[in-house]
Amino acid sequence: MSEAALERQIRPIYDALDHGSNKSAINACNKVLKKYNNNTLVKALKALALTRSQKVEEALVLCDEILATVVTDDSTLSVMTHVLKGLARNSDMVAMFDNAFKQQPQSEELGAQTFFAHVRTGNWKSCQQVATRMHKQFQEDRYVYWAVTGAILQANDLGTPPNIRTLLYKLAHRHVTSCPTPSYMAVDRFHLHLIILQELQLWDEANTLLESDVGKSICSASLVCNETRREIWRKRGLYKDEGERAQEKIKNNDRNWLEFVSVIDAAFASVQGPDVSEEGKSECFENIAKTRDFLTKIAEVDGLNNRSASLAFLELEKNAVSHGISSDENALVDSMESYFSQFGNKACCFEDLQPCVDLGADARSRWISFLASQESSFATTGDLQRVINVRKLQRISLTASELSTDKELCLASTYIKEYMAGLELGSSLPVTELQPADDLAILVGHAFVSLWTMTKDESYLYNAAVVLEFALTKSRMSFQIRLLLVRIYRLLGASSLALDHYRAINIKQVQNDTLSHFILTRASTFSLSATGDLTYPSECIESSQIYVSNSQDTPDFIIRAFTSEKYSQIPEFVSFDDRLENSLQRDVVKLEHVRMRMTHEPINSDLIDMELIELKFVFDRFHHDNRDFGMLPNYQPACQPSLNDQTLMFGNSTGQGWLWYFIKIYIRAFQHASDLDDIVEEKLLIGDRPKKSPEPEVQLPLRERLAIRKPEEAAELTADELQLMEWATALSDWLEPYHNYTRPPPAVVLAEANKQNELRTGLPLRGVDLKALNGDAHANGHAKKDEEAPPVREPPQLVAQFFEHMHARFVQLQQSQCLPSDLLHVATLTQEAFLLFAVESHRFKTASVVKIHKLGALVQFLKDVRSKAYTVLKTMSNDLSKMSEVAGSAERRKSFVESCKPITDFPRLHHDFVLSVAKNVGESRKKVLEGVSKGMVKICTNYGQ
């Protein structure tokens with residue numbers, strides 16, 4: 001058949017794939033393959049359709065057939081790239097392009113595609129080698145810089161030893177200097193050259209480049225090159241030269257803040273380092289005086305149009321005090337007063353002055369007096385902003401002796417009064433705009449949260465919620481108000497309201513990584529998955545989509561940067577990709593999803609095996625903490641914890657230590673319940689394993705790593721979570737010998753997997769030789785073993801009494817009138833323990849296993865523990881059900897309204913509005929308490945026998 005005729009037959013396949021009709025695409029492929037059974041393009045298209053249809057085993061067979069030949073045509077290579085990416089077989093994709101390039105070494109396009117395949121896998125060593133080969137073959141200068149970039153990225157990898165790092169930079173330097181075209185012919189090439197010289201500390205060569213006319217021209221036009229030049233000069237100790245150059249640029253109307261920083265650093269150049277002489281201090285004193293004069297002149301010229309010089313003057317005085325050059329803080333206070341007088345009507349004024357307010361007693365008294373003397377006017381938005389800045393600065397300057405419940409109540413009343421007055425200025429603004437008085441409402445929230453922290457009286461949280469809810473009626477788009485409400489509602493156990501406010505913020509893209517901790521930290525406490533309400537698990541899945549898109553899109557951005565020679569952007573893209581791929585929040589959310597999934601789905605071998613493999617991958621990662629806690633504003637006094645710390649549920653966050661502790665108990669429980677060992681896992685795993693962390697601890701055997709317990713990690717757990725960890729460890733230690741004895745050998749497991757695969761697909765498992773593993777594997781896997789069964793021991797006291805202890809803890813919290821979130825925490829941890837027990841005892845539910853291995857006594861002990869857990873969970877469920885009825889009652893709403901007397905004196909915060917908030921909070925509490933209660937009953941029904 002002619003090429004045109006074949007194209008006509010293949011076109012419907014592409015159309016079907018484009019429209020998502022995978023079944024039609026498979027049928028069309030089969031039709032063409034009947035005539036042309038060796039056409040690799042059609043096979044590749046069929047493999048793509050099978051992959052998208054989740055028929056992985058069939059797709060793998062076709063992939064192996066195609067990869068057994070050397071594919072060189074662009075169409076097949078393109079399709080196979082999509083197929084192998086979908087199967088996570090990146091190493092096969094790289095090998096495919098490597099073989100194609102070796103087959104056709106004269107093809108520059110194949111060379112570039114091979115290089116990009118290595119880029120996608122982050123194999124920078126191979127990138128450097130392929131680019132070097134391409135330069136020798138095609139004599140293209142850009143391939144030199146591809147090789148240089150590959151060497152630099154390999155050197156910057158965490159797993160690269162320091163001595164190899166230096167060698168790689170020297171190799172990159174040799175590549176740059178041997179290139180026929182000078183680096184200054186392109187800005188990004190010049191920047192790459194500077195980075196290499198900076199790393200190797202070749203200061204003379206760097207100076208030659210930077211002092212040349214071309215170098216000066218490039219640095220004056222390129223911010224990234226100028227920043228690198230500035231770093232080189234500082235490392236050479238040329239602070240004074242840099243300061244003089246910066247002064248000239250400032251005189252020429254350059255208001256880049258980095259230039260002012262250089263001027264300030266030059267003033268303190270003589271007191272840098274640990275040992276400072278009196279002569280150095282004297283010189284610094286003179287430099288400060290000269291810098292004051294310079295900045296004063298610039299500030300006079302700029303006036304109110306630009307605050308850079310005034311801010312630099314403030315920074316100069318602060319540094320003079322911190323370096324011990326000046327012991328008199330009056331000059332600093334003078335500059336603070338001057339700055340506030342000039343720029344107090346700007347929102348940034350508070351953030352500018354905040355670092356300076358840590359003053360001595362006399363200076364502080366003078367500063368407080370100055371703030372108190374400011375007139376409270378609401379005539380213009382500038383006047384309102386000045387009032388807001390005064391209130392913020394006054395608040396953060398409060399001392400412990402000045403804080404009391406009466407003081408905070410008085411401040412809260414003041415903030416509300418001024419907030420209501422400030423609302424008049426924004427009365428005509430559209431609903432999409434923020435009210436200029438919003439920060440005063442946030443200050444009200446701060447005051448009431450502080451009151452709750454001091455008294456533990458949740459009525460103050462009611463007051464905060466009402467005021468903030470009212471503020472949202474005037475300023476719907478205020479994400480800061482919503483984030484504070486999310487924290488308050490989680491404390492109050494009104495989880496559905498917290499989720500509504502979080503979703504109203506409309507989180508997008510990478511914000512799912514940086515902000516999802518506000519709602520998904522310990523989200524299993526509020527999850528109603530056991531009753532079929534998958535709201536929180538769905539939120540976990542939605543927030544994790546950014547990691548999927550990152551793995552797909554970011555490599556493409558890196559490839560575009562290479563093709564357009566934007567080398568300065570590549571390290572940023574690589575860092576972005578790494579931080580998202582190894583995000584701490586990603587794996588915290590993953591673990592929360594596992595905890596919720598176990599309450600909803602049946603505990604069976606499919607769930608256990610899948611989660612075991614994925615959690616082991618997580619356990620091998622080096623994590624980056626990308627969570628943004630700074631989005632929650634903090635105006636609390638310096639003597640108090642920050643607002644973030646005060647509103648954290650249970651007083652701490654889920655960091656690396658928390659994740660490690662929970663992952664260890666889950667991996668160990670899943671290991672015991674699973675028939676997968678390392679041999680079986682290696683045979684059944686599809687795709688490549690994620691890159692392991694280079695940390696020494698990760699190189700230890702898994703068994704040793706699971707046994708490690710660190711005090712700093714335990715500090716991130718609540719007392720109840722720590723009790724759960726100790727119980728789970730004791731349970732695993734008790735049952736481990738019986739799991740190891742009854743677990744079938746790898747050959748049996750693989751034989752069963754092979755059998756199931758043949759039933760599903762009609763094909764045997766690829767790459768598995770059962771005879772080579774064990775020629776006489778038993779079909780049922782439960783034959784008697786030669787060694788003696790381990791003697792059955794009674795459960796440890798901790799295991800036997802854990803559920804009674806948790807019930808006593810639950811009763812204690814009930815009697816102490818704690819927050820609902822604290823009660824739910826204990827209840828859901830008890831439920832989680834019961835599910836972990838179900839996982840650990842899963843193997844012993846099979847009667848044949850118990851009979852063959854004579855474990856009847858063990859099963860009886862398990863029944864006793866299960867019975868105690870069942871009784872405790874049913875009791876907790878009944879108590880939560882009663883609490884839910886009270887939470888939604890009219891009496892509780894009335895109590896809520898009465899608790900809000902401190903704010904109901906203000907006409908706009910009338911009874912009906914407070915009652916509506918009380919009703920919403922009550923209904924939300926009732927929903928979660930009732931849902932958790934019903935979920936416990938369902939779990940008891942499923943696993944209580």
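## Helix assignment and model

Helices in this report are DSSP runs of H or I with at least four residues, and strands are runs of E with at least two; both are numbered from the N terminus. The model is predicted.

## Overall architecture

The protein chain contains 49 helices and zero strands. Taken along the principal axes, its C-alpha atoms fill a box of roughly 90 × 85 × 60 Å. Of the 945 residues in the protein chain, 51% are buried.

Among contacts in the protein chain with a separation of 6 or more, 73% are between residues 24 or more positions apart. The accessible surface of the protein chain is about 42,100 Å², and carbon and sulfur atoms account for 50% of that area.

## Helix H26

Helix H26 spans residues 479-492, a run of 14 residues. From its first C-alpha to its last, H26 reaches 20 Å, close to the 20 Å expected at 1.5 Å a residue. After H26 comes Gly-493, which has a positive phi near 80 degrees.

H26 is mostly covered, with 12 of its 14 residues buried. The buried positions include the aliphatic residues Ile-481, Leu-483, Leu-484, Leu-485 and Val-486.

H38 supplies the largest share of the lining of the second largest pocket, namely five residues. By class, this lining comprises 14 charged, 10 nonpolar and five polar residues.

Is Glu-721 buried or exposed? Glu-721 counts as buried because its relative accessibility is 0%, where the cut-off for a buried residue is under 20%.

Which residues are in contact with Glu-721, leaving aside its neighbours within four places in sequence? They are Arg-522, Trp-658, Phe-662, Glu-716, His-825 and Leu-829.

How values were computed:
Residues are numbered from 1 along each chain as its sequence is written. This is a predicted model: local features need pLDDT of at least 70, side-chain atom pairs count only at pLDDT 80 or more; totals for chains, interfaces and linings use all residues. Side-chain values use heavy atoms; hydrogens and water are left out. Ala, Val, Leu, Ile, Met, Phe, Trp, Tyr, Cys and Pro count as nonpolar, Asp, Glu, Lys and Arg as charged, and the others, Gly among them, as polar. The expected span of a helix is 1.5 Å times one less than its number of residues. Buried means under 20% relative accessible area, exposed over 50%, partly exposed in between (1.4 Å probe, protein chains only). Contact means heavy atoms within 4.5 Å. Accessible areas come from the Shrake-Rupley method with a 1.4 Å probe; for residues, only the protein chains shown count as cover.
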